[in-house]
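Visitor: I have a protein model open and would like to learn how to read it. Please take me through it feature by feature.

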Amino acid sequence: MRWYVVASLLTVLTSSQGILTTLSQSNGGYKYDYATVPFLAEVFKLLVSSVFLWREMQNSPPPKMTMDWKSVRLYPIPSIIYLIHNNVQFATLTYVDTSTYQIMGNLKIVTTGILFRLFLKRKLTNLQWMAIVLLAVGTTTSQVKGCGEASCDSLFSSPIQGYLFGALSACLSALAGVYTEFLMKKNNDSLYWQNVQLYTFGSIFNMGRLLMDDFRSGFEEGPWWQRLFNGYNMTTWLVVLNLGTTGLLVSWLMKYADNIVKGMRKLMSYFGWHLCLVIERGQGEGSGGGTHL
């Protein structure tokens with residue numbers, strides 16, 4: 001599969017991720033436990049990767065699989081970072097709307113570029129640094145509201161908590177992405193074997209998060225496995241499928257391309273999301289109503 005096909009699919013998936021998550025809300029909150037979504041997404045990715053690894057093992061010669069503990073012990077680190085990041089995403093969308101979420105997502109390109117330079121020692125050209133600075137400034141100024149007739153109690157258009165969560169999400173995503181790319185490319189192991197390790201730890205840590213929530217609440221609503229699907233509907237399952245498929249495609253991109261392509265995919269997803277809203281607005285105006293940007 002060519003990288004630009006994967007990048008195009010990721011653009012579509014990422015464009016719809018924030019919209020689907022917002023649609024899964026009810027009265028500004030979640031009827032389901034949003035910590036279960038990353039867990040189910042990790043299980044989905046683990047099952048898919050296991051099937052592909054099993055198919056690879058039927059071939060001759062078998063795929064390369066490094067089972068040395070010095071290699072395996074590196075995989076829990078990105079799993080923990082992604083665990084925090086996935087839950088921060090849901091928290092962010094309780095404070096900001098979908099458009100703000102998509103715009104702030106572009107900060108991942110900024111943090112990825114910086115981490116590329118710091119940790120992977122990859123040099124960026126002056127033009128690339130200029131683009132990163134302009135992207136950061138543009139993302140910030142897009143959220144500054146004009147006073148006009150509206151109240152000027154706050155400089156920004158959304159609560160400050162949303163921006164803090166958004167910035168944290170961007171940093172976590174970049175850190176996990178750069179580290180995972182390092183893992184994927186440090187040897188010639190099978191992609192699916194690397195994914196199995198990554199998603200096994202991811203499933204375990206997400207399960208641990210659910211268990212911790214049970215202890216904190218004193219098991220008031222019963223153990224997590226009894227209420228795993230409480231509040232789920234078709235939209236929630238689409239969020240799980242979106243998150244899981246995105247993770248699988250990103251791992252392929254990290255193995256065979258790099259995080260810069262992943263970052264540009266994020267930027268293109270913003271334009272894809274904006275196009276969806278423009279089309280929706282046009283249809284709404286044609287029927288006598290509309291969604292105003």
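Visitor: Is Phe205 buried or partly exposed?

Guide: Buried means under 20% relative accessible area, exposed means over 50%, and partly exposed lies in between (1.4 Å probe, protein chains only). Phe205 has 24% relative accessibility, so it counts as partly exposed. Phe201 has 18%, so it counts as buried. This is a predicted model, where local features need pLDDT of at least 70, side-chain atom pairs count only at pLDDT 80 or more, and totals for chains, interfaces and linings use all residues. Residues are numbered from 1 along each chain as its sequence is written, and side-chain values use heavy atoms, with hydrogens and water left out.

Visitor: How are the rings of Phe201 and Phe205 arranged?

Guide: Start with the rule. Rings of Phe, Tyr and Trp (its six-membered ring) pair if their centres lie within 6.5 Å; planes under 30 degrees apart count as stacked, over 60 as edge-to-face and the rest as tilted. The centres of Phe201 and Phe205 are 6.4 Å apart and their planes are at 20 degrees, so this pair is stacked.

Visitor: How many aromatic pairs does the whole structure have?

Guide: The search finds 15. One of them joins Tyr30 and Tyr34: it is edge-to-face, 5.3 Å centre to centre, with 65 degrees between the planes. Tyr30 is buried at 16% relative accessible area. Tyr34 is partly exposed at 24%. Ring pairs also build a cluster of Tyr30, Tyr32, Tyr34, Phe90, Phe229, Tyr232 and Trp237.

Visitor: How do helices H6 and H8 cross?

Guide: Two packed helices are described by the angle between their axes and the distance between the axes. Axes are lines fitted to C-alpha atoms, for helices over the stretch in contact, and angles run from 0 to 180 degrees between N-to-C directions. The axes of H6 (residues 107-119) and H8 (residues 160-185) come within 8 Å and cross at roughly 45 degrees. That makes H6 oblique to H8. Angles under 35 degrees count as roughly parallel, over 145 as roughly antiparallel, 65 to 115 as roughly perpendicular and the rest as oblique.

Visitor: Which residues of H6 and H8 meet?

Guide: Contact means heavy atoms within 4.5 Å. Among them, Leu107, Thr111 and Leu115 are on the H6 side, while Ala170, Ala174 and Val178 are on the H8 side.

Visitor: What does Ser190 touch?

Guide: Ser190 lies in the loop between H8 and H9. At 7% relative accessibility, Ser190 is buried. Leaving aside neighbours within four places in sequence, Ser190 contacts Leu53, Glu56, Pro63 and Lys64.

Visitor: How many helices and strands are there?

Guide: The protein has 11 helices and 0 strands. In helix H5 (residues 98-105), 7 of the 8 residues are buried, so H5 is largely enclosed by the rest of the structure.

Visitor: Where is confidence lowest, and where highest?

Guide: pLDDT is the predictor's confidence in each residue, from 0 to 100. The protein averages 79. Helix H11 (residues 259-286) is lowest, at a mean of 46, and helix H2 (residues 36-57) is highest, at 95.

Conventions. Helices (H or I, at least four residues) and strands (E, at least two) are DSSP runs, numbered from the N terminus.
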